[in-house]
Amino acid sequence: MNSSSSTMNEEPDALSVVNQLRDLAADPLNRRAIVQDQGCLPGLILFMDHPNPPVVHSALLALRYLAECRANREKMKGELGMMLSLQNVIQKTTTPGETKLLASEIYDILQSSNMADGESFNEMNSRRRKAQFFLGTTNKRAKTVVLHIDGLDDTSRRNLCEEALLKIKGVISFTFQMAVQRCVVRIRPDLKAEALASAIASTKVMKAQQVVKSESGEEMLVPFQDTPVQVEQNTELPDYLPEDESPTKEQDKAVSRDDSHPEGAASWLSTAANFLSRSFY
């Protein structure tokens, strides 16, 4: 069977399968089920060796979400090939910088999982650590910028914003909090936040301000200078799009889309697992 061009419609390609897994993993309610599933972790591990960079990056985003759930970490770490494949991604010279950062972040989280179990944290502390893990503040190699974006009020604006951010070299990942017109962006330490503001200003319909905390813990909006910044463009754009909602602060509730309840996830997972087993074995 010619696997490339003559794939039938019901036969999903690697990128769409891994993107759906990533979207399912973005919902905290699905994370346990995905890791317990027979086919999903092995499939994501195989996707890390995929020749197409966007597939690798999307697989890592899915793993990043799954590692958010502390109960998943031991199983993920012990999964055959997991740590080795992460190391391969980190060491491969052809891996894009953002992808390497993501892989090393997951590696660090899984590597330290059993140490964390030895200590007893109180509830509050572990929650704070979890939020920090997602935002990458425990990872000195990435920094987080929170933007308040005037004009970010519908899907088409969000798409414009996504396109602008995806073009900047040094952006690792981002999540939108549409309800409060915010975007949480994780970037390489050498990228200036002004570059993000310039990219958003280039849409002509939106303007960004940075959200910062004052000494007393109050949030303040700080406008960026109007001087345009030279932005280094990404030459090869990944074909992935980031998640819709951020798990960081969604009013302390997990927002679940109707199509991704655990039951829906389970039936979808079996489809994914079938696809994975057909593709790889």
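Gln 181 is partly exposed, with a relative accessible area of 23%. In this predicted model, Gln 181 has a positive phi of about 55 degrees although it is not a glycine. Lys 204 likewise has a positive phi, near 75 degrees, without being a glycine.

**Positive phi in loops**

- Most residues other than glycine have a negative phi.
- Gln 181 sits in the loop that runs between strand 2 (171–177) and strand 3 (182–187).
- Lys 204 lies in the loop between helix 11 (193–201) and strand 4 (207–213).
- The relative accessible area of Lys 204 is 73%, so this residue counts as exposed, the cut-off being over 50%.

**Helix 4 against helix 7**

- Helix 4 (residues 53–68) packs with helix 7 (residues 97–111) at an angle of about 30 degrees, and their axes are 10 Å apart.
- Angles under 35 degrees count as roughly parallel, and helix 4 and helix 7 are therefore roughly parallel to each other.
- Their crossing is left-handed.
- On the helix 4 side, the contact is made by Val 56, His 57, Leu 60, Leu 61, Leu 63, Arg 64 and Ala 67.

**Nonpolar cores**

- In soluble globular proteins, nonpolar side chains tend to be buried together.
- The largest nonpolar core has 37 residues, of which Leu 44, Leu 60, Leu 63, Leu 66, Met 76, Met 82 and Leu 86 touch the most other members.
- At least two residues of this core come from each of helix 1 (14–25), helix 2 (31–36), helix 3 (40–47), helix 4, helix 6 (82–91) and helix 7.
- Helix 4 supplies the largest share of this core, 10 residues.
- Not counting residues up to four places away in sequence, Leu 63 touches Leu 41, Leu 44, Met 48, Met 76, Met 82 and Ile 106.
- A second core, separate and of 26 residues, includes Leu 152, Leu 165, Val 171 and Met 206.

Note on methods:
Residues are numbered from 1 along each chain as its sequence is written. This is a predicted model: local features need pLDDT of at least 70, side-chain atom pairs count only at pLDDT 80 or more; totals for chains, interfaces and linings use all residues. Side-chain values use heavy atoms; hydrogens and water are left out. Axes are lines fitted to C-alpha atoms, for helices over the stretch in contact, and angles run from 0 to 180 degrees between N-to-C directions. Helices (H or I, at least four residues) and strands (E, at least two) are DSSP runs, numbered from the N terminus. Angles under 35 degrees count as roughly parallel, over 145 as roughly antiparallel, 65 to 115 as roughly perpendicular and the rest as oblique. A crossing is left-handed if the near helix is turned anticlockwise from the far one by less than a right angle, and right-handed if clockwise. Contact means heavy atoms within 4.5 Å. A nonpolar core is a set of buried Ala, Val, Leu, Ile, Met, Phe, Trp, Tyr and Cys residues joined through side-chain atoms within 4.5 Å. Buried means under 20% relative accessible area, exposed over 50%, partly exposed in between (1.4 Å probe, protein chains only).
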